Amino acid sequence: MNLERIHDCCWRIPKQGKMRVDGIVYASRKMLDAIRGDESLTQVMNVATLPGIVGASLAMPDIHWGYGFPIGGVAAFDAEEGIISPGGVGYDINCGVRLLRTELEAKDFAEKTRGVVSRLFHDIPTGVGAHHKNFTLGRDDLRHALKEGARWAISRGFGEADDLDFIEAGGCIAGADPEALSERALERGSDQAGTLGSGNHFVEIDVVEEIYDAVAANAMGLFPGQVVFSVHTGSRGLGHQVCEDNIEAMLAASRRYRIEIPDKQLCCAPIDSPEGRNYFAAMAAAANFAFANRQVITHWVRRSVEHALGVGPRDHGIAPVYDVAHNIAKFEEHMVGGVSRRLCVHRKGATRDDPAQHPEIPPAYREIGQPVLIPGDMGRYSFVLVGTKKAMEETFGSTCHGAGRLMSRHSAKKACRGRNIQAELEGQGIVVRGASRETVVEEAPFAYKDVADVVEAVETAGISKRVAKLRPIGVIKG
């Protein structure tokens, strides 16, 4: 496949065949070989054939093969004439990241890490099917969570009202309708609020290792040597079921509305159709459940630290820096050709990246831009970025979401034969607890791209700016 160089970290797949727009890939030259190793670039081209797509079919440097759309893909569709597709969001609706700052410092924390990790693992259910034995939501509570998101969790005592100021969209996507969910989806979500999913989901203890932008870091309350917590999870089985339930309906809709798709995984419907409206209402409800899930986990992080360290809220000072979704479709206003247009922006493995002065940014960050949270693997580092004006101009205010897998879970397990990954990480000073040995092996650091390369690419391209680097010292995995 021919890629035309736009600049060092931006490449064009020219419009060809049935593509309605170009494909644009953000990546450094050295990352291209790995990107070419799967079918993700073909998926970028396939997305470019969908009706109503605006601008370009975009891919971030953490791109890899996904269901229909590539993971690391961004596509915006006209809100009146475009389509909406479950493949553009994925099965884990509103998988996202929340960063929590603290008043704790690494120099006082090192010997206590193991105790905190053990308490987190005890308090937060992790893994496939993980659920709270003594915390099941009744139907009324669940419906409120689906409509209200994080606000519902706070109304139930899981956090502080101020937490809402530091969550994307205030922790609630408008337009959610619990009635759009199947009975099976509701059943799966009833006991999974406050839990971690399997695979790459985690709660991680990090240390702020390096500051690149002192002004932005200060606005976020970050300082060198500080202990912070990262939470990475989504809508769990409820969101998976919403996607599953809608795929068959979308396959039928694609035929009904005579939408030609190059891959059945790109099944879709016009946004303003019964099927499109129903999917968005269900997807928004699942996204709100994910915001509520991360809010409940925040409560348990606070309680776990208090129990493990014998401290109170004033001592640990745990508070959200920000919470961002990276698997979602949202209606947003963007300038296209000098005209403001309402678009449905699909971000699948991509993060919203608003620049300074954007109206959706919390007042505390209005001068610096939206915090962007980019987790790496559990053995190296993660990054905090901020959004830029160029991202709003080129990528509908979007950037990368993480490291991106370099090898499949099967390949990772094969490569780990004869190795004790947990012991290797302990040797690096990283305490790890996983739902199973297999989970830890599948998530071995070398199974992922180096997230520093991903971050360097988006910064070189001008669509994000580095603020801080975080180093892991403890993690619980699903």
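## The largest cavity

About 40 Å³ of space lies in the largest cavity of this predicted model, and the structure holds one cavity of 30 Å³ or more. A cavity here is a set of points, on a 1 Å grid over the protein atoms alone, where a 1.4 Å probe fits but cannot get out; its volume is the space filled by probe spheres set on the points, which are joined across faces, edges and corners.

Which residues line the largest cavity? They are V97, L99, S230, L373, I374, P375, S382, F383, V384 and L470, where lining means having an atom within 4 Å of a point. β7 (96–105), β15 (371–374) and β16 (382–387) each supply at least two of the lining residues, and β16 gives the most, with three. Strands (E, at least two residues) and helices (H or I, at least four) are DSSP runs numbered from the N terminus. The lining has eight nonpolar, two polar and no charged residues. In this scheme Ala, Val, Leu, Ile, Met, Phe, Trp, Tyr, Cys and Pro count as nonpolar, Asp, Glu, Lys and Arg as charged, and the others, Gly among them, as polar.

## How the model is read

This is a predicted model, in which local features need pLDDT of at least 70 and side-chain atom pairs count only at pLDDT 80 or more, while totals for chains, interfaces and linings use all residues. Residues are numbered from 1 along each chain as its sequence is written, and side-chain values use heavy atoms, with hydrogens and water left out.

## Helix α9 and its partner α8

Now for the helices. The axes of α8 (residues 236–256) and α9 (residues 274–309) come within 10 Å and cross at roughly 165 degrees, which makes α8 roughly antiparallel to α9 (over 145 degrees). Axes are lines fitted to C-alpha atoms over the stretch in contact, and angles run from 0 to 180 degrees between N-to-C directions.

In the contact (heavy atoms within 4.5 Å), α8 residues including R236, V242 and M250 meet α9 residues including E275, Y279 and F289. By class, the contact of α8 with α9 has ten nonpolar, five polar and three charged residues.

Helix α4 (residues 139–148) packs on α9 at about 100 degrees, with the axes 6 Å apart. That makes α4 roughly perpendicular to α9 (65 to 115 degrees). L142, A145, L146 and K147 of α4 touch A284, A285, N288 and F289 of α9; six of these residues are nonpolar, one is polar and one is charged.

Helix α3 (residues 113–123) and α9 pack at about 135 degrees, with their axes 9 Å apart. The contact includes R119 and D123 of α3, and W300 and H307 of α9. Its residues divide into seven nonpolar, three polar and two charged.

Key: On a 1 Å grid over the protein atoms alone, a cavity is a set of points where a 1.4 Å probe fits but cannot get out, and a pocket is an open set with protein on both sides within 12 Å along at least five of seven lines; lining residues have an atom within 4 Å of a point. Angles under 35 degrees count as roughly parallel, over 145 as roughly antiparallel, 65 to 115 as roughly perpendicular and the rest as oblique.
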